[in-house]
Amino acid sequence: MAATTEAASAATEVATTDPAAEREDGAPGARAPRRAALSPSRINDFKQCPLLFRFRSIDRLPEPPSSAATRGTLVHSVLERLFDLPARERTVAAAQGLLGPEWENLREREPSVDELFADGAELTTWLRSAAALLETYFTVEDPRRLEPAERELMCEVELESGVLLRGIVDRLDVARDGALRVVDYKTGRSPSEQFAASALFQMRFYALVIWRLRGIVPRRLQLVYLGDGQVLTYDPDEASLLATERTIEAIWSAIRHATTTASFPPKQSRLCGWCAHQTLCPAFGGTAPPFPQDGAARLLQAGAPSAG
Ligand code: SF4
């Protein structure tokens, strides 16, 4: 794996925030309200900073779009659409040709992304950076040889304890022998060892959900880093997924306790530099808004077993 500086890794962690996160947890912008659930992104928030978790999952404060996250959304859309084409037509040029139409679709869905660019030149430079990521993708995989079973697969499962998990898997491949491979694209650079564990936790989360839904432990989890063309893989087994389940249950217990006691302290780190809520953060001289009891009640539904 390519070496990265700590700061670059930290930036990667922020910049590669899963574009699917809002749809996973039904945050503002989601079409229909639904039962709250734990997602890898939100668990990561809680571990990173409990107050950040509160702002995102309980207060549900809006955040301005970032060019890195928006590029991630755009590249994910292109890679999803690419597999609509007949196999032989899945070329670099075809993928890059999808950038324009997918950008227009994104603008239609989220008009605020226009504010990211001062002028057409900035937008052109940004689109070129997205095109470069797609070019890197082709150095890692040959999409002409792949027929994904699922793309942008929304999966949701309730654990025996009643905790609801939800995630969106970028791609699920099924081999002839039925083996499953879970693939996730990251538009940042591959992480340092310090952050690799966090990235793999996300993949084990998806593997657990798929195992519980389909009764099959995925054979391989694969993270494709388009920032540097590196691939991180992990072959899970039942024991590792059971351990992941126990970890998730423990994190949920901590979240539930924090929610019932309205206790979400700030936890400063170098990632604060990318936090959209510094002005409300006591660690930076701000004052958090009153604790929203309705938001807390909604979140607690994530651990309330559904009837029947
Ligand atoms: S600024 Fe830092 S400490 Fe404050 S809420 Fe954001 S991530 Fe947490």
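Reader: How many residues surround the ligand, and which are the closest?
Author: This is a predicted model, in which local features need pLDDT of at least 70, side-chain atom pairs count only at pLDDT 80 or more, and totals for chains, interfaces and linings use all residues. Residues are numbered from 1 along each chain as its sequence is written. The ligand is surrounded by 14 residues, the closest being C49, P266, C272, C275 and C281; a residue counts as near if its C-beta atom, placed from the backbone, lies within 6 Å.

Reader: What is the shell made of, by class?
Author: The shell around the ligand has 10 nonpolar, 3 polar and 1 charged residues. Ala, Val, Leu, Ile, Met, Phe, Trp, Tyr, Cys and Pro count as nonpolar, Asp, Glu, Lys and Arg as charged, and the others, Gly among them, as polar.

Reader: On to the helices: which residues of helix 5 meet helix 7?
Author: T73, L74, S77, V78 and R81 of helix 5 meet L99, E102, W103 and L106 of helix 7. Contact requires C-beta atoms, placed from the backbone, within 7 Å. The residues of this contact divide into 5 nonpolar, 2 polar and 2 charged.

Reader: And the strands: in which sense do strand 1 and strand 2 pair, parallel or antiparallel?
Author: Strand 1 (residues 150-158) and strand 2 (residues 164-174) pair in the antiparallel sense over 8 bridges; pairing needs at least two bridges found by DSSP. Helices (H or I, at least four residues) and strands (E, at least two) are DSSP runs, numbered from the N terminus.

Reader: What is the bridge partner of E158?
Author: The partner of E158 is L164, in strand 2.

Conventions:
Contact = placed C-beta atoms within 7 Å.
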